[in-house]
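Dear colleague,

Please find below the structure that I am handing over to you. My notes on what was found in it follow directly after.

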Amino acid sequence: MDDTPPVLSAPDQPTNPFEGLKSPNDMWKLLEERFGRRQFLLKSGWAFFWVFLGGWLLSNLRYLFPNVLYEPTLSFKAGKPADFPLGISEKWKKAQRTWIVRTDKGFYCFWARCTHLGCTPNWFDAENRFKCPCHGSNFNRDGDVVAGPAPKPLWRCAITMADDGQLLIDKGRLENRPGAREKGEFFLPYESA
Amino acid sequence: MKRLLFVLLTGLLAVLFVITMWRDTAREWTSYQGRFLKTLHTDERRNVSGGIKQIIVKDLNRVDRCTTCHLAIDKPQLALGEEPFTAHPGKFLEWHPVEKFGCTVCHGGQGLATEVKAAHGDVKHWEDPLRRGNVVQASCRQCHGDLKAIEAHVPALIKGREVFLAKGCYGCHTIKDFGQTVSQDLTEIGSKSYQLMEADFEMMSPPHDRIRWLETKLRHPRMLNPGVRPEHLPPGEEEIFPSAMPHFGLNQDDIESVTTYLLSLTASNLPASYVMPAPPEPTVTYASDLEHGTAVFEKYGCAACHGIGGVGGRHNWNGGLGEETPPLLYVKAYYGNHVEELKTLIRSGRQPVPRMNAGRPNPGLYMPAWKDRISEPDLDALVVYLFSLADRLPQPQTPQAATDQAQTSPSQPTAPVDSSPIN
Amino acid sequence: MADPAQPFSLKPYLKKTKIWKSIFRHDFSDTPRTRLLRIFGNVFLHLQPVRVAKDAIRVTYTWGLGGISFFVFLVLCVTGILLMFYYRPASMLAFQDIKDLSFAVTLGPLLRNMHRWAAHLMVVVVIAHMVRVFLTGAYKPPREYNWVIGVILLVMTLFLSYTGYLLPWDQLALWAVTVGAQMAANAPILGNEGPFRLPFITTANDARFSLIGGTVIGDATLIRFYVLHCVAVPFLFCIFLCVHLWRVRKDSFSKQTGEKVDVWPHLVSREFLAALLVLIILFVWSLLMNAPLEAEANLNVTPNPSKAPWYFVGLQELLVYFDPWLAGVVLPTLIVVGLMAIPYVDTNPKGVGYWTKMRRKSFGPFSIWVPQERPFAVSVFMLGTILWFVLIFIGTYCRGPNWEWYWPWEPWSYRRLTKLTLKNIPNLWGGLLVMSYVAMGTPLPAKAKELIAAKAGPKTPGRLFALLHLGLGMMMSVCLFVPLLISKDADYPLRSRYTTLFEALGRSINAPVMSNLYHLFQQAGPAVGSAVVGVMILVVGLILGRIGIAFGKMKNRMFDELGLVKYAIVISLLLMMMGVLGKIMLRLLFGIKYLISLPMFNFNI
């Protein structure tokens with residue numbers, strides 16, 4: 001494809017379309033000296049081609065990222081605080097993939113998704129642990145990893161009290177760093193009567 | 001050598017092809033259809049076409065192929081005495097046109113399947129098995145909100161609901177935001193995945209399906225979750241108690257009825273055009289506070305733990321009071337002069353309850369909080385009822401009288417025999 | 001036609017027609033000329049040369065593996081195209097369509113089974129083909145480039161299996177793909193949960209997002225995988241396959257001994273018989289076993305245990321021992337790159353075109369079979385392959401609910417009480433351990449040896465070298481055991497009992513090494529305990545050092561032969577492979593989770 005012509009040919013070729021131009025641009029001359037005219041044309045042709053091809057491929061890559069998603073919203077109302085007993089509630093595990101945990105101090109909420117590879121762990125009350133069926137990660141009541149390959153604690157969702165007295169949970173806001181996860185929107189103080 | 005191999009291989013391939021085609025044509029349903037067609041006259045046969053048949057119900061998003069074998073289900077004039085060629089009993093098909101309802105929405109099973117075992121849902125990975133016998137009544141509740149209106153057709157379902165109420169299941173379980181959270185939420189127990197309902201089949205003989213699991217659980221509540229005894233554990237590990245669910249001593253009929261009722265609790269969400277909502281509950285008026293209190297006691301399921309009539313006697317592993325739940329007969333004696341204290345106790349519950357042996361784990365049963373569940377008037381009436389229980393305490397009596405009472409007691413609803421865990 | 005005197009024969013008449021002549025350019029009598037013409041005149045047969053060395057087509061040389069994998073690919077194409085007629089890639093319909101295929105479509109079950117089992121067979125055959133090519137040295141010049149193409153084809157085969165796995169839209173599919181897609185989220189730099197993530201990367205624009213077309217697996221993922229599985233990847237696969245086959249033809253077969261024979265009929269007939277045999281196997285397999293189909297996909301319920309397809313179970317098992325970005329991204333990439341690099345770093349010209357002979361060699365009390373030629377290359381490659389299959393075996397047969405260790409003969413129990421606890425080695429110790437391990441790879445170049453020998457006597461380099469390795473071995477031993485024993489969390493060895501292989505070996509014995517050592521350390525008095533522990537550390541260190549010395553000579557020779565760059569590639573791949581094995585042992589025996597843990601960078605080893 002690129003059977004490059006001899007480099008020497010450029011300056012005094014009679015068929016050169018630019019031969020007639022008696023007022024050569026300095027820049028043009030410089031380029032001519034540097035590359036030779038045909039070489040230059042060829043090279044810039046290739047450059048344009050690669051720019052096009054690269055851009056085209058990149059834009060096609062961008063094409064693979066959808067701009068709108070058909071996915072459910074991430075926040076939901078979980079009901080009155082009094083409906084939850086002390087301990088881990090699996091009430092919303094099926095519908096919303098969350099566990100709501102009530103301690104004697106208040107509420108927090110886990111996203112029921114293993115931080116290893118995204119399976120849904122199960123709560124084993126007797127062992128006081130969440131266990132993941134995919135690679136055997138174990139988490140304790142605080143969501144910290146006690147065993148298995150998971151690299152991070154379980155994510156906690158933002159949990160607030162809605163105006164109608166229900167728990168409002170937002171899976172879009174997540175936190176799992178010790179210290180940050182026990183305060184602010186990730187922990188809802190609620191004294192047991 | 002090569003030629004011989006060639007002949008052998010191509011021959012084998014041809015044979016395999018024949019086997020494949022034979023297997024493909026000789027499906028289970030073809031033999032059923034063949035058997036059925038043989039029983040028909042020629043002119044009758046003209047009306048019955050062969051091949052896989054299916055009922056497509058767009059509204060319910062179902063495709064049912066049951067009629068491939070159940071050929072006479074809607075043709076009583078052709079029906080035979082044996083399955084699968086019987087006709088549908090009763091006028092149910094008249095009321096529920098097949099093209100609007102299909103089969104599986106009521107009967108369960110796998111509509112798309114064309115093999116007996118798979119179609120009846122007796123296979124792994126199909127969690128909606130065929131509802132055989134009375135259990136099928138569970139399906140009616142998907143649409144019929146008012147069970148009274150179809151009373152004659154759903155005796156098991158109605159009885160199941162009554163037993164569920166009478167045994168006080170609401171005391172621990174929730175159904176649609178009513179009830180307590182001591183144990184599993186039963187709102188969708190009829191359709192939840194086995195894993196979410198923690199259906200553990202390890203201690204059960206096959207078949208392993210939802211209906212059998214529920215029946216077994218009701219019959220032997222502790223058998224399916226026997227816990228782990230300390231001697232089977234390495235030293236230093238806490239033992240695990242068996243399931244805390246009391247043994248209610250249900251008979252076979254009760255078990256079937258309650259199973260039916262539980263199966264009717266599904267997440268099924270049929271289109272509004274199918275559903276016939278229940279009429280609003282009539283407001284009940286009570287003749288006396290005592291009657292009101294009795295109703296409250298029954299409605300909220302106190303009997304599950306405290307026994308019917310408050311006699312106590314449910315086993316609670318490692319609970320105080322000799323591993324038993326407290327009877328309520330002495331409430332008056334304790335709280336007669338401290339009504340507010342009693343009310344506070346009921347409102348806020350007691351979790352966990354005191355342990356008999358501090359070295360062993362917490363008991364499974366506990367008193368949940370009733371604060372936002374029982375209204376103040378109800379609570380007042382409940383107290384009246386609880387205080388009335390003291391009258392049932394045996395009066396000082398002669399030995400002769402005691403034996404008399406023991407002989408007559410089984411017929412009395414308050415008798416402790418009813419709640420004994422080994423009944 | 002009705003003339004009885006001269007019976008009309010159709011064939012000669014047909015053969016005279018222009019149509020016949022335009023299609024078949026030669027007659028079919030068996031002459032040397034037609035044997036050639038058959039190959040030349042047919043675009044499909046022309047993939048092959050006209051004549052080939054007799055030994056090259058011996059069944060026991062190639063086992064026909066390349067041809068068989070090509071044939072299995074054809075079977076997959078045909079069955080796949082047929083399945084597409086009944087399959088709609090939408091989450092509402094896909095599962096129902098698969099049920100239809102297995103219950104209501106004529107030949108549906110057979111085609112589905114055949115497609116599934118052929119996919120499994122293809123993975124097996126392709127891997128076996130690769131092993132064969134390696135062992136007979138067929139990747140050596142001038143065939144290096146084709147080896148690389150072959151590795152790409154292997155990767156594509158696995159990717160085709162992976163994308164096809166989602167299509168039935170059942171629980172098996174969903175969770176295998178969830179796990180697989182999550183690996184993409186753990187890719188370094190581009191993954192939302194990977195190490196060294198770029199600041200603008202979120203769940204809605206990371207590598208996983210582009211793979212599954214959303215933040216959760218749904219319709220977008222299904223159509224994406226459908227297109228990849230049915231169109232995009234097969235398209236690329238065919239291109240690479242053409243190059244692969246064409247290259248075989250251009251570079252000629254690796255075996256050139258023996259007289260030349262005509263490809264038609266000698267090779268063609270063998271290929272045909274092999275294809276028949278494969279077809280029979282697939283038929284029988286499909287008649288006897290149904291392709292699995294579980295409950296409809298449900299994002300809220302993860303089956304317990306949930307296992308990937310068998311060829312990925314090894315990877316899944318690897319994910320137990322390493323963080324996802326390592327086990328799911330870095331290690332597979334290194335495996336692939338390492339495979340591709342083989343022909344470029346292997347400068348040994350021996351061993352092309354024949355299976356190496358084995359001989360017995362004794363190592364102390366043991367005697368094992370060792371290849372006579374290329375012992376290092378063959379043993380390392382085979383060790384890697386076997387390790388991969390051992391991982392697959394563990395994942396398939398030794399893992400039960402909650403991915404806990406069960407022996408194959410043990411019944412699974414969903415209520416088995418296992419309080420698994422793992423422990424990190426403190427970063428300092430772990431870092432030292434890793435560094436000493438890596439340092440084990442240093443060679444002593446010939447020049448350096450001469451230099452030292454000239455300065456300090458001829459024996460010094462050897463002694464120095466041995467000392468270095470013993471020191472490194474001792475360092476590793478100390479770094480491993482000391483933190484475990486003096487750890488503040490005093491009951492660690494006790495609590496780890498469930499994690500260890502010893503526990504799995506006999507739950508009743510309940511006496512793992514670390515637990516007993518710890519007791520000695522604590523109870524027998526510090527002096528006795530320290531002495532015992534010291535002896536153990538010494539022994540382990542000496543063993544590790546001895547192993548280093550044993551490989552020392554080989555390392556030095558390799559360095560001198562390969563030069564720095566190639567040596568570095570070879571030794572780092574080797575160290576990585578042995579390191580993976582070592583980490584697995586550390587986890588299984590001592591319950592160690594991380595050697596180095598930097599949570600702020602999501603970087604843990």
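In this predicted model, chain C has a mean pLDDT of 83, with 91% of its residues at 70 or more. Among the elements of chain C, helix H5 (residues 65-84) has the highest mean pLDDT, 95, while helix H19 (residues 492-495) has the lowest, 40. The pLDDT is below 50 over residues 489-512 of chain C. For the complex, the predictor gives an ipTM of 0.84 and a pTM of 0.84.

Chain C touches both chain A and chain B. In the contact with chain A, 39 residues of chain C meet 27 residues of chain A. Helices H9 (171-185), H10 (207-212), H11 (219-251) and H13 (310-321) of chain C each give two or more residues to this side. The largest share, 5 residues, comes from H9(C). By class, this side of chain C has 18 nonpolar, 17 polar and 4 charged residues.

The contact with chain B takes 27 residues from chain C and 26 residues from chain B. Here the elements of chain C that give two or more residues are helix H6 (94-103) and helix H12 (263-288). H12(C) provides the largest share, 9 residues. This side of chain C divides into 16 nonpolar, 7 polar and 4 charged residues.

Helix H12 of chain C also holds Pro265(C). The peptide bond from Trp264(C) to Pro265(C) is cis, with omega near 10°. In chain B, the bond from Glu83(B) to Pro84(B) is likewise cis, with omega near 0°. Pro84(B) is found in the loop between strand S2 (62-64) and helix H4 (92-95) of chain B. Most residues other than glycine have a negative phi, and most peptide bonds are trans.

Two residues with a positive phi may also be noted. Asn318(B), with phi near 65°, is found in the loop between helix H12 (303-306) and helix H13 (320-323) of chain B. Asn318(B) counts as buried because it has 20 C-beta neighbours inside 10 Å. Ile189(C), with a phi of about 70°, lies in the loop between H9 and H10 of chain C. Ile189(C) has 13 C-beta neighbours inside 10 Å and therefore counts as partly exposed.

Finally, the domain assignment of chain B gives domain 1 (21-130), domain 2 (132-225 + 244-281) and domain 3 (289-392). Taken over C-alpha atoms, the centres of domain 1 and domain 3 of chain B are separated by 53 Å.

With kind regards

How values were computed. Residues numbered from 1 in each chain as written. Chains lettered and ligands numbered in written order. Predicted model: local features only at pLDDT ≥ 70, side-chain atom pairs only at ≥ 80, totals over all residues. Contact = placed C-beta atoms within 7 Å. Helix = DSSP H or I, 4+ residues; strand = E, 2+ residues; numbered from the N terminus. Nonpolar A, V, L, I, M, F, W, Y, C, P; charged D, E, K, R; others polar. Domains from an automatic or database assignment. pLDDT = per-residue confidence, 0-100. Buried ≥ 20, exposed ≤ 12 C-beta atoms within 10 Å, placed from the backbone.
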